[in-house]
Amino acid sequence: MDKGVLATALGSPAPFGQSQFAFMRGNAFEAKVKADGGAELLRLLYERLGGSCPAPGPDAATPDLSAAGPEGRAARTALALREATAAGGWALLDHPMLALEVAGSPAYLEPDAVVVHPDGRWTVVEIKSFPMIDSSADASKVGAAARQAAVYVLALERVAAVTERAEVGQRVLLVCPKDFSNLPTASVVDVRKQRAVTRRQLARLTRIEDIAAELPEGTTFDPACPSEELDAAVAAVPPAYAPECLAACELAFHCRAKSRAEGAVETLGRSVRGELGGLTTVAGVLAAAAGKEGDPADPTVASLRRAAALRAEALESAAALRANAREAASVPGAGTPEGAAACR
């Protein structure tokens, strides 16, 4: 079931779509980076991650990865990776297809590129259209790219495990426009932390069969169902909403509305949720800060109460300053030199 159709049927359609301008700009920039057999991309990669390998020349391999269906393309990609590693030269795989098991089902992934080094190392390349100004890009966008690349690294490791001499690099190449131009520049992003987090998350995912087995009998997600029945069916699968979902999931606005109605702290972000420990609702947080609930020995509760005391103190000081200002303004002539002298 398409989540966009489901969100519309629930009355919470995502009020955005892919910007055609951004889509075309991204495609044009990627084509520029990969032009002439990826010569510019390989040059950037060699400058940042070349190591002791000889520089790539015009003879770098660019294998054909076309095949029927995602499963066929994934098999063709795996074969191309093994052949390139055995050949011991540079190879650029443009839009390879990788397979990764997610909750017991295969998920097919398509990175922008994967480069095979002569020493058998494989490097993921992510090409983004957001600018890199003074060798620095927006931290949130770089973080999102790192998390995306970490998934590709995990998928590549499955192939590398059965390929002699192969090793998947834990540092990926991020290629972006330089400053405000359309010229490509690159930086290296270490994704070891993102890879470890993603691997733990994948290991904890519940299999689709197990989720389906726990649903009430007769549950359906047919958009033609009455809205109450459809809402109940969606509610039977507990969401894990976070603000980041708004950028990737069509059901995010529906889940956000439900999360806000329940007062869940997840609506404030995963980092805030992590800091609040066992406090799961906004009402519970406010009650703990006010001293009405919570164990005073709990470090989270103690921090909240300290913050509340500091806030109250700051508000009292501000109120006193405002009162003094009003009192001074009410003295006749207080704003003139004579009045000021009289006050003294």
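1. Helices and strands here are DSSP runs, numbered from the N terminus. The model is predicted. With those labels, Ala103 sits in the loop between β2 (98-102) and β3 (105-109). Ala103 has a positive phi of about 55°, yet it is not a glycine. Most residues other than glycine have a negative phi. Ala103 is also buried, at a relative accessible area of 12%.

2. Ser135 is another non-glycine residue with a positive phi, near 65°. Its place is the loop between β5 (121-127) and α5 (139-160). Ser135 is exposed, with a relative accessible area of 70%.

3. Helix α2 covers residues 20-33, 14 residues in total. From first C-alpha to last it reaches 20 Å, close to the 20 Å expected at 1.5 Å a residue. Its buried residues are Phe29, Glu30 and Val33. Seen down the axis of α2, they fall within an arc of 100°, so they line one face of the helix. The face turned away from that buried side carries the exposed residues Gln20, Phe21 and Met24.

4. The count of salt bridges comes to 13. One of them joins Asp94 to Lys34, with the closest N and O atoms 2.4 Å apart. This pair links distant parts of the chain: Asp94 lies in strand β1 (residues 91-94), Lys34 in the loop between α2 and α3 (35-49), 60 residues apart. Asp94 is partly exposed at 39% relative accessible area. Lys34 counts as buried at 13%, because buried means under 20%.

5. Arg43 and Glu40 form a salt bridge too, their closest N and O atoms being 2.5 Å apart. The two are 3 residues apart in helix α3, so about one helical turn separates them. Arg43 is partly exposed at 37% relative accessibility, and Glu40 is partly exposed at 25%. Both belong to a network of salt bridges that also links Glu47 and Arg48.

6. Glu266 pairs with Arg273 in a salt bridge, the closest N and O atoms being 3.2 Å apart. Glu266 is partly exposed at 27% relative accessibility. Arg273 is partly exposed as well, with a relative accessible area of 21%.

7. Leu268, Val272, Val282 and Leu286 make a nonpolar surface patch of about 330 Å². Leu268 is in the loop between α9 (252-262) and α10 (270-275).

8. The count of disulfides is 0. Cys245 is in none; the nearest cysteine sulfur, that of Cys249, is 6.3 Å away. A disulfide needs the two sulfur atoms within 2.5 Å. Cys53 counts as buried, at 7% relative accessibility.

Terms used. Residues numbered from 1 in each chain as written. Predicted model: local features only at pLDDT ≥ 70, side-chain atom pairs only at ≥ 80, totals over all residues. Heavy atoms only, no water. Buried < 20%, exposed > 50% of the residue type's maximum accessible area, 1.4 Å probe, protein only. Patch = residues over 30% accessible without salt bridge, like charges linked within 9 Å, V, L, I, M, F, W, Y side chains within 5 Å. Areas by Shrake-Rupley, 256 points an atom, 1.4 Å probe, with all protein chains shown as cover. Salt bridge = Lys/Arg side-chain N within 4 Å of Asp/Glu carboxyl O. Helix = DSSP H or I, 4+ residues; strand = E, 2+ residues; numbered from the N terminus. Expected span 1.5 Å × (residues − 1). Arc of directions from axis to C-beta.
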